[in-house]
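Hi,

Here is the structure I promised to pass on.

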Amino acid sequence: METKEYRRIFLVVCVMLLVPLLGSIFSDSFNWGVGDYLVMGALLFAVGVLIMFARKKISSPSKRLVVIGGVILLALLIWVELAVDAVSKAIGFN
């Protein structure tokens, strides 16, 4: 895989992370720390690389769709688990 593709994924991740950054700047209720940005950046970058890998290596469109859907579903489940854990800590359950 070429460095150009990794750069493109990195730029897309950076643009996506601008949304919570702007939320943190303009809203007091939206408070991400540096660790939150690092974890979400790593998660989004990994999803991008896995989708790129699936697009290149899996020739069957139906199998490719299933794998990409699984990658996205797994990423959403991880995101939800991280969000629920953060919320439970914020309200004092942990």
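Accessible areas here come from the Shrake-Rupley method with a 1.4 Å probe, and for residues only the protein chains shown count as cover.

A word on conventions. This is a predicted model, in which local features need pLDDT of at least 70, side-chain atom pairs count only at pLDDT 80 or more, and totals for chains, interfaces and linings use all residues. Residues are numbered from 1 along each chain as its sequence is written, and side-chain values use heavy atoms, with hydrogens and water left out.

Now the overall layout. The protein has three helices and zero strands, and along the sequence the pattern reads α-α-α. Helices (H or I, at least four residues) and strands (E, at least two) are DSSP runs, numbered from the N terminus. Of the 94 residues, 20% count as buried, where buried means under 20% relative accessible area, exposed over 50%, and partly exposed in between (1.4 Å probe, protein chains only). Among contacts with a separation of 6 or more, 50% come from residues 24 or more positions apart; a contact means heavy atoms within 4.5 Å.

The largest nonpolar core has 11 residues: I9, V13, L17, Y37, M40, L43, V47, V49, M52, V71 and A75. Such a core is a set of buried Ala, Val, Leu, Ile, Met, Phe, Trp, Tyr and Cys residues joined through side-chain atoms within 4.5 Å. Helix 1, helix 2 (34-57) and helix 3 (61-90) each give two or more residues to this core, and helix 2 gives the most, with six.

Within helix 2, Y37 is one of the buried residues. Leaving aside neighbours within four places in sequence, Y37 is in contact with L17, P20, L21, S24 and W32. A54 also lies in helix 2 and counts as buried because its relative accessible area is 3%. Not counting residues up to four places away, A54 touches R64, V67 and I68.

Then there is the charged pair. The structure holds one salt bridge, defined as a side-chain nitrogen of Lys or Arg within 4 Å of a carboxyl oxygen of Asp or Glu. E5 forms this bridge with K56, the closest N and O atoms being 2.9 Å apart. The pair links distant parts of the chain, with E5 in helix 1 and K56 in helix 2, 51 residues apart. E5 is buried because its relative accessible area is 14%, whereas K56 counts as partly exposed at 46%.

Finally, back to the surface. V15, L18, L21, L22, I25 and F26 form a nonpolar patch with about 620 Å² of accessible area together. Patches are made of residues with over 30% relative accessible area and no salt bridge, with like charges joined within 9 Å and nonpolar side chains (Val, Leu, Ile, Met, Phe, Trp, Tyr) within 5 Å. L21, found in helix 1, counts as partly exposed because its relative accessibility is 36%.

Best wishes
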